[in-house]
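Please open the structure in a viewer and keep the selection panel at hand. The stops below are given in the order in which they may be selected.

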Amino acid sequence: MYRITRLTLFFSVLGMPLVIFAQNTALIDTGERPTAKAVAIEALPTIDGEVLNDPVWKEIEPFGDLTQAQPNFGRPASEKTEIRIAYTKETFYLSVVCFDSRPEDLVVSDARRDADLDNTDAFLFILDTYKDGQNGFVFGTNSLAVEYDAQVDNEGQGNFNANRQQGGTIGGFNLNWDAAFEVKTQVGDFGWSAEFAIPVRTLRFQAGKDWGINFRRNIRKTNEIVYWAAMPVGLDLKRLSLAGTLTGLDLPSPGNLKLIPYVLGRMDKDFTATDPKNRFDAEVGGDVKFSVTPSLTLDLTYNTDFAQVEVDDQQVNLDRFNLFFPEKRPFFLENAGLFSVGSPGEVDLFFSRRIGIGDNGNIVPIIGGARLSGKLNRTNVGLLSMWTEEVSDKGIEENNFTVARVNHEFKGRTALGAVFINREGLQSSDSYNRTFALDGKLGLGRKARMSGFYARTEDPNDTINAHSLKFQTDYNWNNWELRAGYTEVGQGFNPEVGFLLRQSFRKPEGLVLYHLRPKNPDAKILEYRPHISYRGYWNFDDFQETGFLHVDNHFEWKSGNELHTGVNFTTEGVVEAFDISRTGRVIVDPGVYRHAESQLIFFTNQSNPWSVNIRSVIGGSFGGTRYQESITGRYRAGDKFNADVTFLYNNFQLPNGDFTANILSTRLSYAFQPNIYLQGLIQHNTSDKLWAANVRFGWLQQANTGLFVVWNYNLQDGDPLNNSFIVKYTRIFDLVK
């Protein structure tokens, strides 16, 4: 074990002295950003993917000098790209011709809406419709005309988990935002082309202003990523403060009133009940969306239902702290970044899963609610109020949840905000919990910023130190990523409508990372990423509960393969004995445990039909040894079928006993068409002796509405649990044309 640790430590620092053999490739001219012009049109293009022969597009001068971010930083793209932009009072149009010398080698993957475009030939663009350099909307597609859209907040910073299939997000980048737009593509000898038609009322903007804009194209046969407004190494499309400018827009304020009703039928059977019986239910409900102004939207919801959302991934708790399960429900994910305050995944002052989901995962029916969100000049405003029903057999009373948020953005990536979060029990006067917070960020040019928050909670309990705070400084430029921060959570801090990874701590942390690009353009290595990071947790008695020093180096090849080698030096201070196995068999005694562990990660190019991801952690743990191994295999058959299988193996050999805790997860997806799919998720958790299957059929219409059929089946220790079969149909009615 210790030989492995020394070996990985050697490889982890291997890249650091190589700096003298590399050139500083991240220095780019960021003083002048490119400018494009949108053209007002009267005759409309035919949205069929055909660009080269469309008479409307022929009359518009194209642009598209794109620059490589990888593999050869700063060089022109190896293939030509032509972009054109036009608009009417109702619709924003964009066309692109992606010339390709070998169109037969175009890489396609999952055809579902919002499928990951990173490992395919794709074209994406971002619209900063407020021209604030902070917030925007992303649209994209590949040669199969996949509909891809997302919201960006705070230049994508603060994101915890953004992948729709893996589930949810907290601010930063919200892939679950869905717009009503149309995209068509065509493939030919020239390469491939795409046309986008985005209704103006789908976007939020301030009339009379230019927009920020940037474009990204993936050319997978050469593993190229190219941008219109060039990005320094380590940054991407979400860095809106470095975007170009789109001029020529003269858009009036559009009306927007949408009705989104649903009907649902479900059959449930709870096998844990004394007398299990099939229960049939029918429900109706829906949402209303109204644009108060082009940049301020009111959403109303009644009898809110999320039956079509994928179930949570299984997790095993091998520590004495809380597990984090991300939000996946569409209503709460729209504009999630506006309401997000705190430290994502660790100290979330507002965590929307507290609304409608009990502590043990039980569903608490949502009566309805309202959300007002958007922008007034440079001020982001948000107001959310939701009501949930009483669940008497679970001891849950009727509650109101209210969040009020304001955040004013100054020039130079600087902002100051405040939030008020309240849970009010409607059946007793002493049932409430409130959180008050101030937060802000100070931009230090384009390279660095300082950010932080201070919060307090209030409830009927007599508590001390009911506060939390964080201060952090970031630098991201010239190949360097530097971060230092301090977080504190007082003993009495209790945000009931938030999430705390752990109670009562003081935590310093830091990161130093360098992106090292070899100066030889013919080198097979794309990048080395040597880095070192640290985080430590102390309680208020100055006892260290956790220490984690990580030394690592990433090797990324131009072929798309990656190897991460690292060593971790850990400290775990256990105040009270706890059952790590969750079975009562293996107890970790109080004490201080200091260990070292090796970490190896390897994954192959995910653009290939077959790919694999392997992660291995071996080392000391709580006075014994831990072996944690995971392997994920992925297979795709063209654009129709995708499958991945993950096996996570945990083996602990501790002074008070040995145990294993494993998870097997299988995801299957078949796309009959980009808008018609069948998905399956099968999971097995040996710790809980649980088998769970979630099968979903979707026939999508506008903005991820349509027909959904969902089947859930669960077995625990061989016995069936609460299983269900659901059919749901939802549709958008656009009441303002």
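The quantity pLDDT is the predictor's confidence in each residue, from 0 to 100. This is a predicted model, in which local features need pLDDT of at least 70 and side-chain atom pairs count only at pLDDT 80 or more, while totals for chains, interfaces and linings use all residues. Residues are numbered from 1 along each chain as its sequence is written, and side-chain values use heavy atoms, with hydrogens and water left out.

**Confidence**

Colour the chain by pLDDT to begin. The chain average is 88, and 94% of the residues score at least 70. Next select residues 1–30, where pLDDT stays under 50. For this segment the model has 64 contacts (heavy atoms within 4.5 Å) beyond four places in sequence. Residues 159–170 also have pLDDT under 50 throughout, and the model gives them 52 contacts beyond four places in sequence.

**An exposed loop residue**

Select Asp189, in the loop between strand E10 (182–188) and strand E11 (191–199). Helices (H or I, at least four residues) and strands (E, at least two) are DSSP runs, numbered from the N terminus. Is Asp189 buried or exposed? Its relative accessibility is 77%, so Asp189 counts as exposed; the classes are buried under 20% relative accessible area, exposed over 50% and partly exposed in between, with a 1.4 Å probe and protein chains only. Apart from neighbours within four places in sequence, Asp189 is in contact with Asp100 and Pro103. A C-alpha to C-alpha distance drawn from Asp189 to Asp717 gives 57 Å, for a sequence separation of 528 residues.

Display E18, E19 and E28 together. They form an open sheet of three strands in the order E18-E19-E28, with antiparallel pairing. E18 and strand E28 (499–500) stand at the edges with a single partner strand each, so one side of each has no neighbour in the sheet. Two strands pair if DSSP finds at least two bridges between them; E18 and E19 are joined by two bridges. Within this pair, Ser343 stands opposite Val347 in E19.

Now select Glu346, in the loop between strand E18 (342–343) and strand E19 (347–348). Glu346 counts as buried because its relative accessibility is 5%. Which side chains make polar contacts with the side chain of Glu346? One is Lys507, at 3.1 Å, and another is Tyr537, at 2.4 Å. A polar contact is a pair of N or O atoms within 3.5 Å; within protein, one must be able to donate a hydrogen and the other to accept it, and residues adjacent in sequence count only if both atoms are side-chain atoms. Not counting residues up to four places away in sequence, Glu346 touches Thr487, Phe499, Leu500, Leu501, Phe505, Lys507 and Tyr537.

Move to strand E37 (residues 624–637) and strand E38 (residues 641–654), which pair in the antiparallel sense over 13 bridges. Ile631 stands opposite Phe647 in E38. The two strands E37 and E38 form a hairpin with three residues between them, and Gly638 in the turn has a positive phi of about 65 degrees.

E38 and E39 run antiparallel, with 14 bridges joining them, and form a hairpin with two residues between them. Asp644 has Arg667 in E39 as its bridge partner. At 10% relative accessibility, Arg667 counts as buried. The side chains of Arg667 and Asp313 are joined by a polar contact of 2.7 Å.

**Enclosed and open spaces**

Cavities and pockets are found on a 1 Å grid over the protein atoms alone: a cavity is a set of points where a 1.4 Å probe fits but cannot get out, and a pocket is an open set with protein on both sides within 12 Å along at least five of seven lines; lining residues have an atom within 4 Å of a point. The structure holds six cavities of 30 Å³ or more.

Select Ile260, Asp287, Lys289, Glu334 and Ala703, which lie nearest the centre of the second largest cavity among its 36 lining residues. This cavity holds about 700 Å³ of space. E16 supplies the largest share of its lining, four residues.

Finish at the second largest pocket, with about 570 Å³ of space. Of its 25 lining residues, Arg354, Ile357, Gly358, Asp359 and Glu496 lie nearest the centre. Strand E22 (399–410) and E28 are the elements that give two or more residues to this lining.

Key:
Grid points are joined across faces, edges and corners, and a volume is the space filled by probe spheres set on the points.
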